[in-house]
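Please keep the sequence and the structure in view while reading.

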Amino acid sequence: MKIFGRGDLGPVGRFSIALAAILFVTALVVAGVSSVLLDRYVQDETSRFTSDAVASHFGPVFKEDVFKRPLADDERELLETIVAFHFSIYNVVATQFFDTNGTIVFSYDETEIGRRIDPASNDGLGAALAGRSYAERADIVGDTRYANPATAGTSYNPVPGASPANEHDHAAAAAGAPAPALVHSLEMWVPMREGDHPIGAVVVWRDLSSIDRALREMQMSTSTIIALAAVLLWLVLRGVYVRSSRQIMSQSQALGAALAETERTYDTTLQALSNALDVRDSETEGHSRRVVDYMELIIAELIVAPENLSTLRRGALLHDIGKIGVPDNILRKPAALSDAEWVVMKRHPDHGARIISQIPFLQDVSRIVRHHHERWDGMGYPDGIAAEAIPLGARIFAVADSFDAMTSDRPYRRAMSVKDARVEVARCRGTQFDPNIVDAFVRVPVEHLDAIADDAPHTHSRAHAV
């Protein structure tokens, strides 16, 4: 659907694209934040659970002196069997026990036993010996059979010639068994206590592959739900926008038609008022209509905003409405007016402006009515303003009004020819009339002026421009 669009893309299309972009970015952000929060929650819960499990399962073992003396082979094998069995329940693939000095006293990898790690250089060990749990993700090389309860109690002998991949390598699998593999694990440091007294620390590496798979499935499900919700929301909002647009367009068209009808009613009413003046002043019959026609010819030669045209036209129609307040013996006098009569006649612009100034849509028109007898040189009336202080409509009207007056018969004089009247208008350029308006008037083809002037009242035959 296109509604006053630019090119092939209307408002609905632009709205659809903008909405899709917003929802896409929002869905990405929500999905990303949800994944991060879910991952953090799983890791925190796994850490807490692992810490509690290690402490609960091995409290009895740690009460022994395994942190205080080297273990004999049979003691180490027994401890390894116990530890591996219990830890396998939690998918632990490697572990190390430290005494309070940071010396490894037990490990699945026998080569690590006796090595000391400075607690100050290892955040996890330092935290555990200080009585705090510590966890972070880490990749290690380990034998996943330690995480299998069915085989966790078996003692693993190194494969001949095998060397550890790093300091956390386990004993290699027995001959024919799978080789150690890279494991994405949770490295968990747990403080060990005997009563309230710290006796050492334990670090375990828990295989998170199964948890990660479940986490990825949860994140994928969450992302899919968010994506589907975004698509559904896009469809719903676009549908609402389309329906609203159609309704608004329908109402706009109805409102436009109503406004147009109101405008026509206004103009018809104003035309009726103008006709009423013509009936009262029969010597100037049709004067307002002809002035409007002349103004439109002049405006066509100027740059005037279209929204101002109706104001100019209404100003031309109502310019003499103030003559309602002029007595008939003056208005219809078949001779030149005396000085005293001119004083009364010159009041009609002020009368007209006051009559229509209280009507909201005619406030701009009232300025044209008030100043249509002002002169460019400031010698006009009623306010004696000059140049561009005179409203543009009044300046255009002054030329059109004077030209129609010159080309219409009066009881006390004969009409001038269109040619002579044009010359007279040009002569008053810069004194009575705005120079730019006069220049525009002179550009109007003579035949167009002549066609309008033919409709003016004439008691004598008139000369035509050649």
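R370 forms a salt bridge with D350, and their closest N and O atoms are 2.4 Å apart. R370 lies in helix α10 and D350 in helix α9 (residues 348-356), so this pair ties together parts that are 20 residues apart in sequence. R370 is partly exposed, with a relative accessible area of 23%. D350 is also partly exposed, and its relative accessible area is 23%. The structure shown here is a predicted model.

**Salt bridges**

Side chains of opposite charge can pair when their charged atoms come close. In this model the count comes to 11 salt bridges.

| Pair | N to O distance |
|---|---|
| R370 and D350 | 2.4 Å |
| R290 and D404 | 2.6 Å |
| D439 and R429 | 2.9 Å |

Which parts of the chain does the salt bridge between R290 and D404 tie together? R290 lies in helix α5 (residues 287-299) and D404 in helix α11 (residues 392-406), so the pair links parts that are 114 residues apart in sequence. Are these two residues buried or exposed? R290 is buried, with a relative accessible area of 1%. D404 counts as buried too, at 0% relative accessibility. A residue is called buried when its relative accessible area is under 20%.

The side chains of D439 and R429 form another salt bridge. D439 lies in helix α13 (residues 435-443), while R429 is in the loop between α12 (418-427) and α13, so the pair ties together parts that are 10 residues apart in sequence. D439 is partly exposed, with a relative accessible area of 28%. R429 is partly exposed as well, at 40%.

Some salt bridges share partners, and in this way D350, R354, R370 and D383 are joined into one network.

**Helix packing**

Two packed helices are described by the angle between their axes and the distance between the axes. The axes of α9 and α10 come within 7 Å and cross at roughly 170°. An angle over 145 degrees counts as roughly antiparallel, and α9 and α10 are therefore roughly antiparallel to each other. On the α9 side the contact is made by P349, D350, G352, A353 and I356, and on the α10 side by V365, S366, V369 and R370. The residues of this contact of α9 with α10 divide into 5 nonpolar, 2 polar and 2 charged.

The crossing of α6 and α10 is right-handed. In α6 the residues T311, L312, R314, G315 and L318 meet D364, V365, I368 and V369 of α10. The contact of α6 with α10 divides into 5 nonpolar, 2 polar and 2 charged residues.

**Backbone details in loops**

The loop between α10 and α11 holds P382. A cis peptide bond joins Y381 and P382, with omega at about 10°. A387 is found in the loop between α10 and α11 too. Phi of A387 is near 50°, which is a positive value in a residue other than glycine. A387 is partly exposed, with a relative accessible area of 27%.

Another loop, between α3 (123-129) and β3 (134-142), contains R132. Which residues does R132 touch, not counting residues up to four places away in sequence? R132 touches A127, W189 and P191. R132 and A201 are 69 residues apart in sequence, and their C-alpha atoms are 9.9 Å apart in space.

**The chain as a whole**

The secondary structure of the chain comes to 14 helices and 5 strands. The chain has 466 residues, and buried residues make up 42% of them. Of the contacts in the chain with a separation of 6 or more, 66% are between residues 24 or more positions apart.

Key: Residues numbered from 1 in each chain as written. Predicted model: local features only at pLDDT ≥ 70, side-chain atom pairs only at ≥ 80, totals over all residues. Heavy atoms only, no water. Left-handed = near helix turned anticlockwise from the far one by under 90°. Helix = DSSP H or I, 4+ residues; strand = E, 2+ residues; numbered from the N terminus. Contact = heavy atoms within 4.5 Å. Nonpolar A, V, L, I, M, F, W, Y, C, P; charged D, E, K, R; others polar. Salt bridge = Lys/Arg side-chain N within 4 Å of Asp/Glu carboxyl O. Buried < 20%, exposed > 50% of the residue type's maximum accessible area, 1.4 Å probe, protein only. Axes fitted to C-alpha atoms, helices over the stretch in contact; angles between N-to-C directions. Parallel < 35°, antiparallel > 145°, perpendicular 65-115°, else oblique.
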